[in-house]
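Hello,

Here is the structure for your files. My notes on it follow below.

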Amino acid sequence: MGGNEKGISMTSDHAVTALELRGLTKRFGDKVAVEALSLTVPTGSFYGLVGPNGAGKTTTLSMATGLLQPDAGQSFVHGIDMWQRPLEAKQLVGNLSDGVKLFDRLTGEQLVTYNGLLFGMSRDTVAERVADLLKLLDLEGAAGTLVVDYSAGMTKKIALACALVHAPKLLVLDEPFESVDPVSAANIRDMLTEYVAGGGTVIVSSHVMDLVQRMCDHVAVVSAGRVLASGTVDEVRGESSLEDRFVELVGGRHHAEGPAWLRHS
Amino acid sequence: MVATLLKLRFLVLRNSLRRSTWQLVATIIGALYGLVVLGLVVVGLIALAFAPQELAATIIVLAGSGVILGWIVIPLITSGIDQTLDPARLAQFPLPLSKLMIGLTVAGVLGVAGIITSIAALAAVATWIRSPLAAVAAIVCAALAVLTCVVGSRMVAALSVSLQSQRRFREVSSILIFIPLILLGPIIVGLTQSVRTSADALPGIARSLSWTPLGAAWSVPADLAAGDAAAAGLKFVIALVTLALLVLIWRRSLAAALVSPHAAASKRVARGKIGLFGIFPATPAGAVAARCLTYWRRDPRYARQLIIVPLVPVLLWFYSNNMGSLTLLTFTGPIVAFLLALATLADISYDGTAFATHVADGVRGRDDRLGRVAALAVFAVPLVLALTVASVAIANAWPHLPVLLGLTIGALLSGFGLTSVSSARIIIPVPAAGDNPFKSAPGAGFTTALSSFATWGILIVLVLPEIVLAIVAFLTGSVLIGWITLAVGLVLGSVFAVLGIRLGGRVLDRSAPVVLSRLKALRGAA
């Protein structure tokens with residue numbers, strides 16, 4: 001963490017900034033996963049984080065939400081330093097992380113209840129919200145099934161319910177649409193749009209450009225642990241489509257043939 | 001191919017040691033301890049060369065049988081078996097079964113436990129050095145015995161995996177099946193006792209054991225030294241047949257394990273029922289307690305730890321019956337308390353990456369610790385108190401009740417405090433949720449056993465005041481000191497529990513993200 005900087009410096013920006021990342025850096029051994037990454041997510045924005053595999057999206061979001069200790073840099077959630085005052089900051093964040101398990105020996109209903117209670121909510125509030133969320137996400141029928149028996153898409157949805165139960169001001173969703181069926185994905189998209197309209201902020205990581213272009217109003221292109229471009233979707237894509245712009249920024253597109261031994265005819 | 005498997009095995013061990021200084025320290029302490037014990041054993045075996053032949057035979061057969069039994073049984077109760085080369089994980093490669101078996105056997109012999117056993121077994125050659133024929137036979141039989149150990153433990157591991165893949169055997173049954181196996185010791189001793197007529201217990205038991213699969217290999221050189229070639233030949237055949245049978249069973253269960261992948265558990269709970277979450281207080285700590293207790297019920301990895309509860313009284317009852325005094329039985333309470341308190345010494349490891357929920361939701365370390373302790377306490381406290389009172393009632397040893405209660409309560413409460421700290425620090429590879437509870441995770445075994453061992457040692461130190469008082473109370477028969485033991489157990493235990501929860505909570509507050517990273521790394525390796 002950056003030296004003497006005490007981190008609670010309240011600049012006027014914080015009123016409108018839902019998430020501010022300053023110089024986040026993470027190394028795994030010799031490999032630099034994220035390098036001095038800075039990003040500003042305005043309050044009320046629907047922010048897309050796109051990048052190729054291994055670009056550092058998950059690492060960045062983990063550091064932003066207090067799941068992974070950064071080697072350097074800071075993360076502010078509505079002006080609160082995540083790594084100085086983690087308990088306060090985490091109250092404001094709903095987090096769906098990729099690549100971690102859930103307590104899958106609980107039923108879906110129990111799991112969402114568990115998350116609500118961990119945030120210190122009252123039993124009645126939790127019960128009410130759990131019922132709403134299960135209905136919203138089409139999981140009522142599976143409420144009493146152990147999460148371990150859920151399909152991949154259902155697991156994503158229940159994890160999303162867990163992230164939403166405490167009515168966070170900022171939603172951080174890592175690959176929320178992976179293996180979710182189109183109908184549920186559309187439902188989730190509607191819900192997120194409504195959430196943003198109601199004053200919430202969403203940041204999603206994805207590598208489906210089309211989805212990001214349709215859904216998000218802001219986007220940041222990340223590659224090799226750095227932000228290559230960021231701003232509103234229109235600013236970033238300019239005249240071309242987001243996908244073309246992305247390929248242009250990231251590079252690496254090639255038309256080489258596969259190795260000969262992979263061709264069977 | 002065998003060499004590749006071996007390399008893999010040592011790589012996993014090295015990498016798991018690299019990850020944490022704590023585990024390295026535990027490993028070094030354990031290794032030193034092991035070396036000292038091994039040294040004593042070797043010296044003892046050499047010294048036996050100068051002892052009467054009958055005595056040497058008795059000791060070697062008894063100890064050797066114990067070693068084989070240990071190899072087969074210990075993995076079941078402590079998950080200490082080295083399953084680095086898990087057959088289920090090797091299933092995707094086109095390895096011929098026999099090559100796989102050879103690879104696993106060699107890796108087992110060259111494992112830490114295998115090397116120690118081999119050295120000790122070879123040291124037994126020195127015992128028979130006065131009779132060259134017996135010494136030569138001892139070399140062959142040492143190899144036979146070590147192979148029996150390794151193949152036996154692999155067989156049990158493979159057996160448990162193949163049972164696992166049949167859904168019905170899952171959860172409780174996979175645990176119950178092994179209870180008779182764990183009680184094998186008392187059963188064999190019981191049988192041999194009823195058979196023997198001689199006045200001297202131990203040589204008699206040794207003689208009976210020498211005709212069983214456990215002792216046959218060890219007893220061949222002894223019989224040769226005594227000039228009984230016929231008995232030696234017969235026992236050699238028994239040992240060979242034993243090994244052949246073990247290989248056969250192993251081969252069959254391994255083949256089954258390789259073709260039937262793990263089936264997912266299927267369990268449904270009525271909708272709208274949130275179970276324990278509706279009963280425990282609606283606070284973060286209460287929620288953690290409800291979740292943990294749900295896991296104790298639903299997750300076989302936790303349930304496995306409860307086997308000891310019925311086993312300890314049975315074992316103690318058996319041995320106190322043997323000794324003709326029920327005093328031993330009355331220690332059921334303290335022993336179960338000691339073991340139960342330590343059951344959660346690496347609790348967070350069992351969460352796996354699901355622990356991310358606690359980190360992301362900003363659960364305070366104190367609430368996390370308190371919840372886990374509460375979940376255990378809810379059933380452990382009444383259980384150990386009931387066991388203590390019941391065992392005292394059976395033994396009609398009412399004057400000892402305060403002392404025993406003091407020990408029980410002291411051990412349980414101090415253990416709560418200790419595991420609150422240890423489970424925030426010790427991250428060990430454990431079977432993933434849904435895996436066979438007896439199947440050890442890759443790289444476990446050694447480090448697991450050692451970190452448990454170190455934690456056990458610390459708990460003994462914490463309970464030392466109660467232990468000393470108890471000894472004094474037993475020696476003097478003083479009722480007053482008995483009551484003092486109870487008071488000390490309550491007060492000191494509570495102090496340790498509170499301190500442990502606070503300290504563990506602070507450790508976790510500071511290091512929760514680091515703990516999560518280590519858990520992720522473990523899963524990544526697996």
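**Notes on the model**

Arg9(B) is found in helix H1 (residues 2-18) of chain B; helices (H or I, at least four residues) and strands (E, at least two) are DSSP runs, numbered from the N terminus. Arg9(B) is buried, at 5% relative accessible area. Buried means under 20%, exposed over 50%, and partly exposed in between (1.4 Å probe, protein chains only). The C-alpha atoms of Arg9(B) and Ala107(B) are separated by 7.2 Å. Along the chain, these two residues are 98 residues apart.

Some ground rules. This is a predicted model, where local features need pLDDT of at least 70, side-chain atom pairs count only at pLDDT 80 or more, and totals for chains, interfaces and linings use all residues. Residues are numbered from 1 along each chain as its sequence is written, chains are lettered from A and ligands numbered from 1 in the order in which they are written, and side-chain values use heavy atoms, with hydrogens and water left out.

**Surface patches**

Like charges are joined within 9 Å, and nonpolar side chains (Val, Leu, Ile, Met, Phe, Trp, Tyr) within 5 Å. Accessible areas come from the Shrake-Rupley method with a 1.4 Å probe; for residues, only the protein chains shown count as cover.

A positive patch on the surface gathers Arg366(B), Arg425(B), Arg502(B), Arg506(B) and Arg510(B). Lys and Arg count as positive, Asp and Glu as negative; His and the chain ends are not counted. The charge is placed at NZ of Lys, CZ of Arg, CG of Asp or CD of Glu. Helix H23 (residues 479-525) of chain B gives the most to this patch, with three residues. Arg502(B) lies in that helix.

Val237(B), Val241(B), Leu245(B), Leu248(B) and Ile249(B) make a nonpolar surface patch of about 420 Å². Ile249(B) sits in helix H13 (residues 229-259) of chain B. Its relative accessible area is 38%, so Ile249(B) is partly exposed.

**Backbone and cysteines**

Two non-glycine residues to look at have positive phi. Ala167(A) has phi near 50 degrees, in the loop between helix H5 (152-164) and strand E7 (170-174) of chain A. Asn396(B) also has phi near 50 degrees. Asn396(B) is in the loop between helix H20 (365-395) and helix H21 (401-425) of chain B, and is exposed at 57%.

How many disulfides are there over all chains? The count is zero, with a disulfide taken as a pair of cysteine sulfur atoms within 2.5 Å. Cys216(A) is buried at 7% relative accessible area. Cys292(B) is buried at 3%.

Key: Patches are made of residues with over 30% relative accessible area and no salt bridge: like charges are joined within 9 Å, nonpolar side chains (Val, Leu, Ile, Met, Phe, Trp, Tyr) within 5 Å. A salt bridge is a side-chain nitrogen of Lys or Arg within 4 Å of a carboxyl oxygen of Asp or Glu.
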